Amino acid sequence: RTASDVTLDQVHGRQVAILVDASASMRRGDLWRQAMAQAEAELRELEPADQVALFAFDGEVRTVVGFEEKLSPDHSRQQALVRRHLSTISPTWAATD
């Protein structure tokens with residue numbers, strides 16, 4: 001075994017896609033609140049080197065924040081962007097396909 005000189009910039013991390021069901025069925029009960037809580041939980045579990053993207057779907061998939069939106073080597077800024085955009089999604093009246 002030898003010591004490694006790997007810096008955080010050299011660690012690539014994972015690409016994590018958060019998919020949110022925004023179909024009409026999410027209007028029932030507290031399903032939407034549960035989905036938002038789970039998405040927030042996933043964001044809290046991310047490592048500093050992870051990249052994250054946010055997608056919403058009903059009859060089709062919509063990219064809300066894509067992986068290509070790399071703001072800087074500081075992935076926490078991308079995570080903050082996803083968190084802000086997460087609050088703008090709401091259930092539609094469309095069916096899930």
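Contact here means heavy atoms within 4.5 Å. The model shown in every view is predicted.

**View 1. S90 meets residues from elsewhere in the chain.**
S90 is found in the segment after α2 (75-86). Leaving aside residues up to four places away in sequence, S90 touches A22 and W32. A56 also belongs in this view: 34 residues separate S90 and A56 in sequence, but their C-alpha atoms are 9.2 Å apart in space. Is S90 buried, partly exposed or exposed? Partly exposed, because its relative accessibility is 44%, and that class lies between the cut-offs of 20% and 50%.

**View 2. Helix α1 has a buried side.**
Helix α1 covers residues 31-44. W32, A35, M36, A39 and L43 of α1 are buried. Seen down the helix axis, the buried residues fall within an arc of 95°, so they line one face of α1. The face turned away from that buried side carries R33 and R44, which are exposed.

**View 3**

**View 4. Three strands make an open sheet.**
The strand order is β1-β2-β3, and the pairing is mixed. β1 and β3 are the edge strands, each pairing on one side only. From one strand to the next, the twist averages 30°. Strands of a sheet pair through backbone hydrogen bonds, either parallel or antiparallel. Strand β2 (residues 51-57) is mostly covered, with 6 of its 7 residues buried.

**View 5. β1 and β2 run parallel, with α1 on the path between them.**
Strand β1 (residues 15-21) is joined to β2 by 7 bridges, and the two run parallel. D21 has F57 as its bridge partner in β2. From β1 the chain crosses through α1 to β2, and this β-α-β crossover is right-handed. α1 lies across β1 and β2 and runs at about 175° to β1.

**View 6. β2 and β3 form a hairpin.**
How many residues lie between β2 and β3 in the hairpin? There are 3. Strand β3 covers residues 61-65 and runs antiparallel to β2, joined by 4 bridges. A56 stands opposite R62 in β3. L54 stands opposite V65, also in β3.

Conventions:
Residues are numbered from 1 along each chain as its sequence is written. This is a predicted model: local features need pLDDT of at least 70, side-chain atom pairs count only at pLDDT 80 or more; totals for chains, interfaces and linings use all residues. Side-chain values use heavy atoms; hydrogens and water are left out. The expected span of a helix is 1.5 Å times one less than its number of residues. Buried means under 20% relative accessible area, exposed over 50%, partly exposed in between (1.4 Å probe, protein chains only). The arc is that of the directions from the helix axis to the C-beta atoms. Two strands pair if DSSP finds at least two bridges between them. A crossover is right-handed if, with the strands pointing away from the viewer, the path from the first strand over the helix to the second runs clockwise. Axes are lines fitted to C-alpha atoms, for helices over the stretch in contact, and angles run from 0 to 180 degrees between N-to-C directions.
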